[in-house]
Amino acid sequence: MIVAMTNRPMRADRRANIAAAGVRVIATGGVRALTHRAIDAELGLPTGSTSYYARTRRDLITLVVERLATRTTTDMSGAALPDKIAVPEAAMMIARWMDAMMTRSDDHLARIALHIEYRTDPDTLATLAGNPPLRPRLIAAAANLLRKVGVDGPATYAADLVALMDSLLMQEVVKDERLNIEAIVCAYLSGLPQSDATHC
């Protein structure tokens with residue numbers, strides 16, 4: 001009984017390490033580079049070690065996808081917003097949030113690669129989307145931000161704001177090109193109809 005209890009955290013830690021290594025392998029070599037042997041090499045484990053925790057390649061993919069989904073969900077737990085936000089302040093907040101996201105560029109590269117590789121696999125895409133799905137929550141958060149900025153009809157523009165942020169993040173991650181996100185977002189927000197305009 002005591003042995004079984006002490007082994008559980010070790011097994012969970014090993015699975016987490018394998019999933020993290022899988023993210024790194026995909027980010028640097030693409031989805032096709034993800035193999036049990038590649039994970040063993042990445043972690044410095046004896047050949048065959050990864051197979052004990054993920055017997056098939058599908059199991060390995062699932063470990064990686066579930067890790068990405070969990071970390072993306074964690075990104076949603078941000079600080080509460082004030083009741084009223086000026087456009088420049090909102091743009092600065094979004095830029096800082098995206099800077100924080102960029103500290104995990106491997107996650108985003110791996111997610112993009114997995115979306116492309118499994119674009120016709122609804123089960124994998126559903127897992128990547130999170131449970132509950134992340135995108136509707138992102139759009140709801142964007143609508144809430146736009147409402148606090150004073151945008152007329154914030155729900156109308158929320159999905160566009162999320163798409164803009166997705167595009168900027170992809171540009172920085174894939175091309176490794178730093179953008180002036182604060183200025184870009186500020187210009188976008190300033191162009192939206194506002195009852196109480198506070199442009200950049």
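**Close-up views of a predicted model**

**View 1. The buried residues of helix H9.** Pro154, Ala158, Leu161, Val162, Leu164, Met165, Leu168, Leu169, Glu172 and Val173 are the buried residues of H9 (buried means under 20% relative accessible area, exposed over 50%, partly exposed in between, with a 1.4 Å probe and protein chains only). Seen down the axis of H9, they fall within an arc of 165°, so they line one face of the helix (the arc is that of the directions from the helix axis to the C-beta atoms). Thr156 and Lys175, on the other side of H9, are exposed. The buried residues of H9 pack against H5, H6, H8 and H10. Helices are DSSP runs of H or I, at least four residues, numbered from the N terminus.

This is a predicted model: local features need pLDDT of at least 70, side-chain atom pairs count only at pLDDT 80 or more, and totals for chains, interfaces and linings use all residues. Residues are numbered from 1 along each chain as its sequence is written, and side-chain values use heavy atoms, with hydrogens and water left out.

**View 2. The buried side of helix H5.** Val87, Ala90, Ala91, Ile94, Ala95, Met98, Met101 and Met102 are buried in H5. They cover an arc of only 135° around the axis, which puts them on the same side of H5.

**View 3. Lys148 in helix H8.** Lys148 lies in H8, residues 134-149. Its relative accessibility is 9%, so Lys148 counts as buried. Leaving aside neighbours within four places in sequence, Lys148 is in contact with Leu81, Pro82, Asp83, Lys84 and Ile85 (contact means heavy atoms within 4.5 Å).

Technical notes: Helix = DSSP H or I, 4+ residues; strand = E, 2+ residues; numbered from the N terminus.
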